[in-house]
Structures are given as structure tokens and as C-alpha cells.
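Thank you all for coming.

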Amino acid sequence: MNVLGGYLRREVYLATGLVVLALLGLFALFDLIGELDGVGEGGYRLREVLLYVGLNLPGHLYQSLPVAVLIGTTFALTQFAQHSEYTVIRTAGVPVWRVGLMLLRAGVLMALAGLFVGEVVAPAAERTAQSMRLQARSAVIAKEFRSGLWVKEGSRFITVTQVTPEPRLLGLRVYEFDERWALRRLWSAAEGVYAGEGTWVLRDVVETRFADGGTAVAREPQRRWTSVLDPELLSVLLVKPDEMSATRLHQYIRHLRENRLAAQRYEVAYWRKLLYPVGVLVMVLLALPFAQLPRRASAGPRVFAGIMLGLAFYFTSTLVAHLGVLYEWAPILPAIAAPALFLAMA
């Protein structure tokens, strides 16, 4: 059984690896085409474009791995059936559940690999890619620290504590210096809403002016503010929940709860991260029925069916996640719904 299991895992790994390479090649091509329009803006050259595309690949790998596992396993089992190897395995007395167990063992390693990429590699690569792209296309310097996002705009330093998807700024503070880098103005706003074309509508503005004779404080209920800050720049800080690691999601959810802010979207993403290996294992089992088809059945329709099932799993899980956020279901339900449905199909 060890020899048979090793042989089966090797074929599954090889087929899945080829599918992963093909999918990553397609994603890289689409990203490259999408970024070519920005070539020439500031220091954004072809080298930076290729680097940006390469840094996005770990995220694409994490998102597409369950689909790749299903297609690769389906192809491997189809080859087994086509060459009568599966018939020999069954005739030798190996039950279907034993074959499924061998496939699950193969799936565990792929699930752990995907989990590692999603937890460690992809979030760091995504953040590096966004920062590099921003700094290459403009002269703005943006860095994220524990205190929030810091942006240098001429002689002004802007810090934002929190950014929401609308986009909306919370805890905005601006430091303005003169030509000798002496602080001349400090003002803050409790909230800012983006109005388009680089303009923000700020609420509860408090401004402090520093002069040789002392300081003056002014308050405004509302102010319009034009700045280099825009949704594209803020994407450096506003990472999508699906692109955050489970550890960071957990910390951010706790922060939102402590401040009595809505955390449903991030809780759903957190549970999807935790149940990611389950989805990969379900994809492995879903491929097993294709080996039961008659030997004379051609491989093309089987692989095509695997592709359609993989896409259906991806779209179903995404749709249910959005519905869960919209209707405020228990966070674990949207995460477990798609794997449970496709496990029942398997």
C-alpha cells in the first residue's frame, strides 16, 4: 500500500503542479496587460511592472490552489482510468475508501503548502507590491506603522489611524512645516469621506496654528480638503480581508470589537482562512468519482467537468461569503457552506 500510495501522490502532485503553472501563467499575463498602461508614469518602468506582477503571484496561487487541486487530481485519476490502472487497483481488492484516504494524504501536503503561502508569503508580497507600485508611479512616500499610515506630501506629514472600504478616513492628523522644518500648523479631523478627484469632506476639524507670539486654536464642523491621498494610495493600508493573514485578521477583529466597530466582513474572511485546508481536501475527494467512469469515456469531458466544478466552488464560496456579510449570518456559516455542499456532491 505504501508503494501504491506513493505512486498515486506523485502523479497527483505532478498533474497539480502543471495546472498551477498554467494558471499562474494566465494570471501573470492578465496582470501584465493591465499594468502596461501605467508604464512611463514616474519611475514605473517595465522592470517595476514585471516585479509587481511577480509579487502578485503568491496571492493568485493561494486563491486558485483549490481549483488547481481539483483539476490536477481529476486529470491524474483520469489517466489512471484510461490506462486501466484504476481497474487493476480495484481488482486487487483496494476499496474506494482506501483510495480516497490515499488522496486525502496527498491533499494534506497541498493544503498545508497553500496555507503557508496564504499566511506568510502572499500578504507580505501583496503589501510590498502595492508599496513599490505606488512609490514608482508617484513621488509620494507612504509607510505603514503600528500608529497607522504615514504619508509625506511636500512639507506636510499626514497620518491616518484607520481606513474603511468606502473609503473613509478615521483619525486623520496633518503636520505642516515651513521651509526650515519648523512646525507651523497641526490639524486633525475625526472623520473624512472621499468626494472624488482628490477631495475629502472632513468632519469635526480642530486646527492649531503656531506662531512666535503663541498658538491659536480653531474648530470647524466641516471642511473640504484636497490632498494626494486617494483610494489607490490608501490601498497600501487598506488590504482586502481575503489578502490578510489569519493572525492579522484575528488582531484586527479584536481591535474592531474593542472600538465597537462592525467586524462581520473580517470575521467571515477569518473563518474562510481557517477552513481553507478543508476546501482543498474536499476538492481532492470531489475528483475521485471521475475515476469510477467507464474506461472508454474520453479524458476531455472529465477534465472539463473538473474545471467547471472548480470554478463553481470558487464562485459559490465567494457568493456565500458576500451573502453572509450582507445578511449578518454567523461568520462560520458562509465559510463552511461551500465545502459542505461540494463534499456532499463528492
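This is a predicted model: local features need pLDDT of at least 70, side-chain atom pairs count only at pLDDT 80 or more; totals for chains, interfaces and linings use all residues.

**A helix pair and its core**

Let me begin with a contact, meaning heavy atoms within 4.5 Å, in which Y62, L65, P66, V69, L70, T73, T74 and L77 of α2 meet Y276, V280, M283, V284, L286 and A287 of α8. The residues of this contact divide into 12 nonpolar, two polar and no charged, where Ala, Val, Leu, Ile, Met, Phe, Trp, Tyr, Cys and Pro count as nonpolar, Asp, Glu, Lys and Arg as charged, and the others, Gly among them, as polar.

Residues are numbered from 1 along each chain as its sequence is written, and side-chain values use heavy atoms, with hydrogens and water left out.

How do the two helices cross? The axes of α2 (residues 46–82) and α8 (residues 276–287), lines fitted to C-alpha atoms over the stretch in contact, with angles running from 0 to 180 degrees between N-to-C directions, come within 8 Å and cross at roughly 20°. The two are therefore roughly parallel to each other, the term for angles under 35 degrees. Helices here are DSSP runs of H or I with at least four residues, and strands are runs of E with at least two, numbered from the N terminus; the protein has 10 helices and seven strands.

Turning to the interior, 44% of the 346 residues count as buried, that is, under 20% relative accessible area with a 1.4 Å probe, protein chains only. A nonpolar core is a set of buried Ala, Val, Leu, Ile, Met, Phe, Trp, Tyr and Cys residues joined through side-chain atoms within 4.5 Å. In the largest one, of 42 residues, L8, V69, L77, V99, L103, M283 and F342 touch the most other members. Elements giving two or more residues to this core include α1 (2–35), α4 (96–137) and α9 (299–327), and the largest share, 10 residues, comes from α2.

Which residues does V69 contact, leaving aside its neighbours within four places in sequence? They are T16, M110, V280, M283 and V284.

Methods: Angles under 35 degrees count as roughly parallel, over 145 as roughly antiparallel, 65 to 115 as roughly perpendicular and the rest as oblique. Buried means under 20% relative accessible area, exposed over 50%, partly exposed in between (1.4 Å probe, protein chains only).
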